[in-house]
Amino acid sequence: MTPDHFLPNTLGRPGFSADREPVLRVRPGTGETIGFETTDAVYAELDQHHDMAQLQAPINPVTGPVFVEGAEPGDTLVVTIHAIELTTHGWSVSLPGSGALQHVMGDRVFARRCPISDGTVQVSDRHRFPVRPMIGCIGTAPAEGENSTIMPAYPEGGNMDVTEARPGSTVSLPVRVPGALLSIGDIHALMAEGESSFVAIEAQGTAIVSVDLVKGGPVLRAPRIETADDWLFVGLGDPVQESVRRGYEDAFAFLVDEHGWTAEDAYAVLSAVGDSKLGGPTSSTDPDPLHPFAAVGAVTLHRVPKSVL
């Protein structure tokens, strides 16, 4: 798929910030497509050096930002993911001090190049799996300061690492600054739910999206994702129970405030079919600077099936 606008990965840099000059301006609702190319340079360096201290490329840069005409604080930016095109390979790597398997992997840096061909990725000599490309890091700029593109995740998005950010889905993000300033990075060829390794099968690629704008409320507390079958509400909080509470509250408000349900109906239906799960391991609170990959808080997802609406 050839996008109307192509943003090369040379425009990528870490962080979401309102201070960044936009690299493109678009009007929402036109159907124009934008290709955000991402990079795997840091993983190639890990494969070459096996030493975090020798890294020159940034971890998780995002390409952008894109200024969306007419977007103002209080609006919602709706990003439709049309396609994610991969290159010839991905990477499985371990970063010391990160992920659920950090204690068994120890302090060594493991890096493996994983060939991609014919819609599959080879992760070991014996194992080849169908690719399921997704966007790990997508977000708008905060009103103040800079949001990290590594961790945590934020109400404006960021490195959420959720598998539902895939072709066919739409991601709704709150607008905090004029123009929204959308940036995208961190494409995955394949990622297990929960992302045990913290980095999944990372890959260079191009995410092709279009943007729409919903003017006015409701003001989102956190991103929403719409798939063919479900609405998913991102919960952010510390501890994990707080994340779960906030995600379910947003799902409840979606049914009651936006769809006119009674509180009792919403409560009963969510109790019956409102599944929840952990999102990526990138947390919801700034990490301890001495342990920059140690998650604090949680990203959770809370599902409302479209069949009940």
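Analyst: Glu242 and Arg245 sit 3 residues apart, about one turn of the helix, and both belong to helix α3 (residues 240–257), where helices (H or I, at least four residues) and strands (E, at least two) are DSSP runs numbered from the N terminus. This is a predicted model, in which local features need pLDDT of at least 70 and side-chain atom pairs count only at pLDDT 80 or more, while totals for chains, interfaces and linings use all residues. Residues are numbered from 1 along each chain as its sequence is written, and side-chain values use heavy atoms, with hydrogens and water left out.

Glu242 forms a salt bridge with Arg245, their closest N and O atoms being 2.5 Å apart; the term stands for a side-chain nitrogen of Lys or Arg within 4 Å of a carboxyl oxygen of Asp or Glu. Glu242 is partly exposed, with a relative accessible area of 27%, and Arg245 is partly exposed at 37% (buried means under 20% relative accessible area, exposed over 50%, partly exposed in between, with a 1.4 Å probe and protein chains only). Both residues belong to a network of salt bridges that links Arg221, Glu242, Arg245, Glu249 and Asp250.

By this rule the count comes to 14 salt bridges. One of them joins the side chains of Lys306 and Glu226, at 2.7 Å from N to O. Lys306 lies in the segment after β20 (298–305) and Glu226 in strand β17 (residues 224–226), so this pair ties together parts that are 80 residues apart in sequence.
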